Amino acid sequence: MPTRNNWHIGRTMEYPYDGPPPKRQVAYIFDTNKCIACQTCTVACKTAWTSGKGEETIFWNNVETRPYGGYPAAWDLRTLEQMPPAQWQGRKLVSLTVIEADGPGKPPRGHMPQPQDYAHPNLGEDDIAGAVNLGHHFSGTHPMWMFYLARICNHCDHPACLAACPRKAIYKRQEDGIVLVDQERCRGYQECIRACPYKKVFFNTITRASQKCIGCFPRVEQGEVALCVESCIGKIRLHGFLTTDGPPREDNPLDYIVRIRRLALPIYPQFGTGPNVFYVPPVHVPDAFLEQIFGPGIEEARRMYHNLADDKQLLGALLLFGATNRIITRFEVQGEEAVGWDVDGKEVARVPFTEPLYLRPHHDTRHGVYRHNTA
Amino acid sequence: MSKSPNTPLFVAMVVCVLLVAGVMTVAVFLAGQKPIVVVLPQTSAPVVQGLPAAPITPVAPGSPAAPATPAPAPPQVVVARVAALPALDDVFSSVWEAVPVVPVPLQPQQTAAPMLEHATIESISVQAARDDRRIAWRLSWPAARPSRSVDTGQFADAVAIQLPMVDGAPFTMGAKDMPVRLLHWRALWQRDIDKGFQDVQDLYPNAWADLYWFTNGSRIDKSYVTGPARQFMPALAAGNPMIQLDRRSPVEELVAEGFGTATHVPDSPSNGRGVWKDGRWTVVLDRPLDTADPLAARLLSSGTNLISFAVWDGAAGNRGGQKHYCTWIPLRIEP
């Protein structure tokens with residue numbers, strides 16, 4: 001089997017197929033500290049892409065509550081159960097990935113969900129890790145905690161779904177690294193559903209073919225962000241590209257936050273598929289849980305997040321979240337503003353570090369009326 | 001029992017057991033909680049003369065596959081000439097009683113990933129017959145319960161025959177420039193034909209959706225495929241043969257040139273019918289013998305041909321390459 005470099009786990013890895021990396025890799029950053037699980041992203045995606053017959057329980061985008069939530073039910077616990085505990089030496093993974101677990105020539109190790117696992121997308125919603133008793137007070141990390149985890153397909157560097165498909169009906173686009181299921185060629189064997197450790201490939205009971213997040217590719221081709229990103233009212237998401245044809249660029253907000261500063265971390269990097277949705281970890285959740293789900297680097301990420309007020313370049317990149325419907329490929333901090341440009345070199349976002357404050361006097365002398373807070 | 005034996009009940013139970021045992025043609029043993037079904041040779045149909053019957057040993061469901069042992073003298077399938085093949089829907093026609101039954105041992109597919117780790121089906125009973133215009137195969141294998149629907153992690157029972165299109169094509173789905181032709185029957189497609197296309201409400205009777213865009217109603221009808229609603233069924237819009245709302249044949253023909261290359265043949269003439277009865281599937285695959293057709297021409301031009309079989313146990317998660325299969329078997333067509 002060909003050997004590929006997997007930067008997420010700091011080492012090389014065997015994978016059934018070789019091939020150059022895509023020209024650029026579509027990637028997303030989700031700031032878990034800002035998500036309120038309003039599910040606007042979920043509804044935007046579902047309305048646009050999966051509101052057809054047979055797609056009733058298909059959510060390419062979902063938001064689940066940690067620690068008890070998960071859709072499909074226990075998707076990650078069941079994968080973790082099958083694997084030995086992840087072992088890291090610094091940023092290098094020394095344990096096996098799901099791709100390697102069963103040896104060369106074998107499909108990735110996985111599990112097949114059952115229909116009822118998709119029946120409760122909001123299982124565990126808003127449940128916290130433990131009971132809060134009278135007199136408890138919190139500071140720093142919380143002994144009782146929960147956070148919202150928004151999830152989409154990770155458009156992995158080394159997709160397990162692609163590796164598992166016996167028909168080669170899944171492919172990774174050369175132009176942007178988006179992973180797609182060929183809707184004409186799929187015969188519904190569901191090997192991808194079993195193999196994807198994130199359970200982001202779904203079976204359509206009516207078309208009898210597998211379906212997955214298409215990365216809003218018709219929009220990406222026009223330079224627009226995905227619908228789940230555009231619709232996010234909390235502005236927790238940034239959609240862009242990671243550089244693949246050279247070292248990470250300081251002026252690419254994705255490169256800067258993910259590769260250079262490492263504020264945002266991949267989800268379950270130990271699975272080894274090279275996921276491309278990166279999460280700013282929640283600052284209030286204990287390390288042990290976060291290290292299992294986001295890998296090494298939790299402490300540094302938390303420290304960086306707490307120090308953002310003194311970290312203008314990083315804060316500037318974060319200000320661009322939700323600032324435009326265009327994909328930002330270059331950014332700069334200019335004085336007291338963060339500025340973003342799209343793929344055409346057009347300025348598409350200019351966000352002040354401090355929102356202007358307007359004070360309106362209680363009495364409007366022009367109209368001779370008093371202003372009230374109510375309409 | 002020991003304190004106050006209920007003698008009439010006990011006698012009734014014994015009589016029942018004896019009655020059941022008396023009419024059973026299938027012997028059932030209990031291994032753990034799952035029955036092992038041993039298929040006894042059918043005495044009403046003659047086994048092909050001169051060929052040793054394939055050894056039949058029970059395989060417990062879920063047991064590891066037996067190591068590959070030297071196969072006994074291979075069977076061959078003789079396509080018997082009959083005056084007229086029965087009507088398609090008459091799977092149990094008396095015409096088939098005069099046609100020899102060949103038991104063909106099957107193995108779990110363990111050549112290409114994803115492999116079938118555990119065998120659950122031991123063998124398939126094969127009959128073949130032709131008349132002037134058609135050729136048909138009647139295939140039968142045990143299935144404790146039929147699997148007719150698909151859902152996440154759920155698969156339908158299926159069977160296929162494979163025929164080489166050129167000499168030398170390997171039995172493993174052919175090879176580059178050495179194509180094979182497949183006739184593939186799925187219980188799901190049979191269900192579509194018998195009861196109508198399997199809709200969401202058939203899988204989940206209490207399912208409710210407020211709206212399916214641009215459609216006339218909650219059950220699938222023409223409005224789903226003829227108007228703008230079509231774009232909400234991407235595989236349908238892409239022309240995927242897996243979704244056919246007006247399926248006319250439960251049999252699909254495919255060509256293949258190696259693993260992972262099986263490709264749908266549009267408008268193929270194969271037809272058939274499968275019936276699950278008394279713990280067995282019986283499936284007839286039926287195809288016209290039109291000499292203008294390359295497959296029929298090949299079958300008719302040479303006296304000897306080859307055939308192989310594959311069976312999928314849906315309940316055991318069989319699908320795609322995870323199947324029971326066999327190597328090439330001689331196929332002799334009576335002129």
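Reply: Two strands pair if DSSP finds at least two bridges between them; strands (E, at least two residues) and helices (H or I, at least four) are DSSP runs, numbered from the N terminus. The model is predicted, so local features need pLDDT of at least 70 and side-chain atom pairs count only at pLDDT 80 or more, while totals for chains, interfaces and linings use all residues. Residues are numbered from 1 along each chain as its sequence is written, chains are lettered from A and ligands numbered from 1 in the order in which they are written, and side-chain values use heavy atoms, leaving out hydrogens and water.

Me: Which residue in β14(A) does A:Ile29 stand opposite?

Reply: A:Ile29 faces A:Phe278. Strands β3 (residues 24-31) and β14 (residues 277-280) of chain A pair in the parallel sense over four bridges. They belong to an open, mixed sheet of four strands in chain A, ordered β12-β3-β14-β13. Because β12 (237-243) and β13 (265-266) of chain A each have a single partner strand, one side of each lacks a neighbour in the sheet.

Me: Is A:Gln183 buried or exposed?

Reply: Buried means under 20% relative accessible area, exposed over 50%, and partly exposed in between (1.4 Å probe, protein chains only). A:Gln183 has 14% relative accessibility, so it counts as buried. This residue lies in the loop between β9 (179-181) and α4 (191-195) of chain A. A polar atom of the A:Gln183 side chain is 2.8 Å from the backbone oxygen of A:Ser210.

Conventions: A polar contact is a pair of N or O atoms within 3.5 Å; within protein, one must be able to donate a hydrogen and the other to accept it, and residues adjacent in sequence count only if both atoms are side-chain atoms.
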